[in-house]
Amino acid sequence: MRNLKIKQMATVALLMALVVVMQFVSGMIPPVGGFSISLVLIPVVLGSALYGPAVGSLLGGTFGVIVFINCVTGADPGGAMVFQANPVLCFVVVMAKGILAGLASGWTYRLLRRKNAYIAMLVAAIVCPLINTGIFVLCMFAFFKNVLSVWAGGTNLLTYVLTGLVVANFLPELGINMVFSPAGQRIVHVVHKNKD
């Protein structure tokens, strides 16, 4: 039992390190529509499927911390604008979207896995970027509309959100997660099989 707990802690630590590395790698990918595409949701979904919603929240929170650091340091120029507008709300938004994305992904997987584990992983992989982007867009409209207007550069805000945030950012993240989901479920199956 103790060895199992140590293996789980090591796996979660490895996934957290993967979140950090993948977020920094995502920052090196040239932005599309002004935003970089995040690869980090893959380990968030994987961890939430392996160990549940609490671990998904922890991994999502780790993602939020790295995003916030990028906002503070200016590594993410758009995020720096949000930080300058309101540092506290910036922190709340980036943490909330990451934590809730991991939590929702974990609960989705947990609720669906007994019916079909591959479908559960696919739906969890869809829910994660949906929550992440959805909360971000809602918070930008609610708290940072002026920043959103600057990003839009005089174009219609709704058009900008649909083209810049949804088409250029959310859809590629969603596609990446969906493509990874069968491999993710295979990993979950192997890990759980080795626990028994």
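**Before you click**

You're looking at a predicted model, where local features need pLDDT of at least 70, side-chain atom pairs count only at pLDDT 80 or more, and totals for chains, interfaces and linings use all residues. Residues are numbered from 1 along each chain as its sequence is written, and side-chain values use heavy atoms, with hydrogens and water left out.

**Stop 1: helix H7**

Select residues 145-152, which make up helix H7. Helices here are DSSP runs (H or I, at least four residues), numbered from the N terminus. Which residues of H7 are buried? They are Val 147, Leu 148, Trp 151 and Ala 152. "Buried" means under 20% relative accessible area, "exposed" means over 50%, and "partly exposed" is in between (1.4 Å probe, protein chains only). Now look down the axis of H7: its buried residues fall within an arc of 140 degrees, so they line one face of the helix. That arc is taken from the directions from the helix axis to the C-beta atoms. On the face turned away from the buried side of H7, pick out the exposed residues Asn 146 and Val 150. Step past the end of H7 and you land on Gly 153, with a positive phi near 60 degrees.

**Stop 2: H6 against H7**

Show the side chains: Phe 136, Met 140, Phe 141 and Phe 143 of H6 meet Lys 145, Val 147, Leu 148 and Trp 151 of H7. Contact means heavy atoms within 4.5 Å.

Click on Leu 148 next. Setting aside neighbours within four places in sequence, Leu 148 is in contact with Met 140, Phe 141, Leu 157, Tyr 160, Val 161 and Leu 165.

**Stop 3: helix H2**

Select H2, where 11 of its 11 residues are buried. Among them are Leu 41, Pro 43, Gly 47, Ser 48 and Tyr 51. Just after H2 comes Gly 52, with a positive phi of about 105 degrees.

**Stop 4: Asn 177**

Find Asn 177 in helix H8. Is Asn 177 buried or exposed? With a relative accessible area of 3%, Asn 177 is buried. Not counting residues up to four places away in sequence, Asn 177 touches Leu 41, Ile 42, Val 45, Ala 125, Cys 128 and Pro 129.

**Stop 5**

Go back to H6 and select Ile 131. Its relative accessible area is 27%, so Ile 131 is partly exposed. Leaving out residues up to four places away in sequence, Ile 131 touches Leu 100, Ala 101 and Ala 104.

Last, select Ala 17 in helix H1. Ala 17 counts as partly exposed because its relative accessibility is 39%. Draw a line from Ala 17 to Phe 141: from C-alpha to C-alpha they are 32 Å apart in space, and 124 residues apart in sequence.

Terms used:
Helices (H or I, at least four residues) and strands (E, at least two) are DSSP runs, numbered from the N terminus.
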